[in-house]
Number of protein chains: 4
Amino acid sequence: MTESKRQRQKAQTKEHLIETAYAVFSSRGIMAARMADIAAAAGVSHGTVFLHFNTQEALIEEVVAHYGALIALETHALAERCGSMEELLRAHLGAISAYEPFYTRLVLENRMLPTAARDSWIDIQSAVSLHFNRVAERESSRIEKRGIPDAMLFNMWMGLVHYYLANGGLFAPEGNVIRRHGTTLVGSFLKLLNG
Amino acid sequence: MTESKRQRQKAQTKEHLIETAYAVFSSRGIMAARMADIAAAAGVSHGTVFLHFNTQEALIEEVVAHYGALIALETHALAERCGSMEELLRAHLGAISAYEPFYTRLVLENRMLPTAARDSWIDIQSAVSLHFNRVAERESSRIEKRGIPDAMLFNMWMGLVHYYLANGGLFAPEGNVIRRHGTTLVGSFLKLLNG
Amino acid sequence: MTESKRQRQKAQTKEHLIETAYAVFSSRGIMAARMADIAAAAGVSHGTVFLHFNTQEALIEEVVAHYGALIALETHALAERCGSMEELLRAHLGAISAYEPFYTRLVLENRMLPTAARDSWIDIQSAVSLHFNRVAERESSRIEKRGIPDAMLFNMWMGLVHYYLANGGLFAPEGNVIRRHGTTLVGSFLKLLNG
Amino acid sequence: MTESKRQRQKAQTKEHLIETAYAVFSSRGIMAARMADIAAAAGVSHGTVFLHFNTQEALIEEVVAHYGALIALETHALAERCGSMEELLRAHLGAISAYEPFYTRLVLENRMLPTAARDSWIDIQSAVSLHFNRVAERESSRIEKRGIPDAMLFNMWMGLVHYYLANGGLFAPEGNVIRRHGTTLVGSFLKLLNG
DNA sequence: GATGAATGAGGCTTCATTCAT
DNA sequence: CATGAATGAAGCCTCATTCAT
């Protein structure tokens, strides 16, 4: 019993650290954040971080895995019942929206992350891809794709979204790219897609 | 004569350092490259780098300025006489192609670079933007843009290209994204653009 | 308890570093001492010094502030109840005596120290000046000053003491100028002062 | 003949370097001056300094020897025919006056200089001491020294002068201590000396 | 389980000195 | 004789990681 209380306590601290690391990663950058920053932001001691995560790499991997899974889940949840491409694109942006600063960091830093974290990133992409292909196929008759493969349409959409996110300082200096430009992005992409 | 020989020597060393730094930046990342890496790669002593560049920041700025100018110039040169959008897109990729690994680093790291280097990056973007808008306007009658502003088309194109570059490990593990996918990118984008 | 033990530990280490730095400064010079010297002399790692003092400048400031305050306090304590000039001069030398090597470094290097450290130096001088003027005024009737202002007498005394300290290698090769010449200094200065 | 022209040229360059180093030492400090500073101030290449002086130490030694000799000579010249203590003290300050900034550096830095340079410093002191003792002896009957040995009087005088020089920032922020306070110093010292 | 002081490898920068031209 | 590019030892500082409490 006492044991389980301790374990619960420990689990709570770890969760708190993951949430704090997520916030610090979002604002300062994943690779640029120092372990001491995260400890301070979490209000725990420097050493406590290492009690829960053996290395900085492990911390990054867990945080990216955790929020990567959340984003992928949210994507699935929102995209599942989308019948039209418009719905899907909105769902995609909706899933990202709540995580925008962190997601943007992933867009920019995914290449430099530990392998496991890169895999989490790929999982997110796969989640979107899955539904995109499903809807694209279903709508193939209604969409004038002029022989462009679905994969390329997907890349165009992702490229457009990531371009806006990566250049957030330009498109939305206040820091909320999707809220500000989401509708425009969906609209323009659909106009291009349809005749 | 003697004087100019030594000056040439120094200029050569500096140029060699810029070229070496360019290569190291391309492969290891701009911010991740250490001064010692560059010195070793150039076959000079650690201190020599500081003889030619007062600080690491200055080195980054000069290298980005140098190759940024090259890329912008090449873009202008190739894009200048492009009458059609297809020619322009090919020209754009052609200009980037020779600098692909470095350009890709700029895509990913430009936000973290010193101000002067960020300006160089913006200059490159402006060069492309200039010609894109020129050609888009000229072709406006022939292109079915369905009410999409030129700026959005530009963003879509840049987003697509940068997406492929940033995910080069996926699209071209051997490291040459543009050579491998350039034609497809241009073709798909144009198909989408035209009826 | 456990907490306070560790805090005591840390405070002890910091105090130890200040004491060690004081010793190193005394023997090698304040500006000439390297951080690594102090770490080695204190038997701690290089990084530990930076745990307790953010910069070399901060270390110098703290050490000078600490021992400067000690010297000023001792000066006040010893000089407070001095009624005669002779008592005061002895008190002054007595206050300096225990800190002679360090004080001598301050005499020679104070101009080159960080601003905060220079202020500490000025505080020491002010402490002496204060009591000197008090006693000089009180004894003005008994002293034949022949129209020499108190400030000039003070400068003469300080000049004499600092001259002996600065030329310690000449006056006391074993390193203890005040113990060896203090009485003579006081005696001679008083003889000059009085008829 | 060509040889001797070259030699003359070399000797001139060396002299120029000594003069320049003297100026740089005076303004920036002897130990704080960098070889490159001196080369730049002299308008010669960095390497040229090493052509004339094997090491930084040698440069310091030669400069201090050169100007130390000048100061000692000037002291002798001015002090030689001084019959009274007042004349002598004025002569002493007169000899130092033209070299005040450099002399002040010697006051503060002599302990840290190479051995040979310290010897030059001692030579200057000896020159003053010699004449001081001579005049003091001659005037011994007229001066009320109250049993204070000549050496102690000498130290008092030197201490007073050096104290003013070392605290020049306080006594003469414009940088000319002797011109501003010389007369006062001589006057006060004499008043104290005589009944 | 939590703490935070201590560690030390690694990075940037300076500057006296050398040497090929 | 003069030059100045190149060298590399040495110094300051950062930060992930460890471990005694």
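This report describes the interface between chain D and chain C in a predicted model. Residues are numbered from 1 along each chain as its sequence is written, and chains are lettered from A in the order in which they are written. Local features need pLDDT of at least 70, side-chain atom pairs count only at pLDDT 80 or more, and totals for interfaces use all residues; side-chain values use heavy atoms, without hydrogens and water.

In chain D, 33 residues are in contact with 32 residues of chain C (contact means heavy atoms within 4.5 Å). The two chains bury about 2800 Å² between them, 63% of it on carbon and sulfur atoms; buried area is the accessible area (1.4 Å probe) lost on putting two parts together, summed over both. Arg111(D), Tyr163(D) and Leu192(D) supply 26% of the area that chain D buries against chain C, more than any other three residues.

| Item, chain D and chain C | Value |
|---|---|
| Salt bridges (side-chain nitrogen of Lys or Arg within 4 Å of a carboxyl oxygen of Asp or Glu) | zero |

A rotation of 177° with 0.1 Å of shift along its axis superposes chain D on chain C, with RMSD 0.4 Å (least squares on C-alpha atoms of residues with pLDDT of at least 70 in both). The two copies are therefore related as by a two-fold rotation axis. Of the residues of chain D, Gly159(D) comes closest to this axis, its C-alpha at 2.2 Å.
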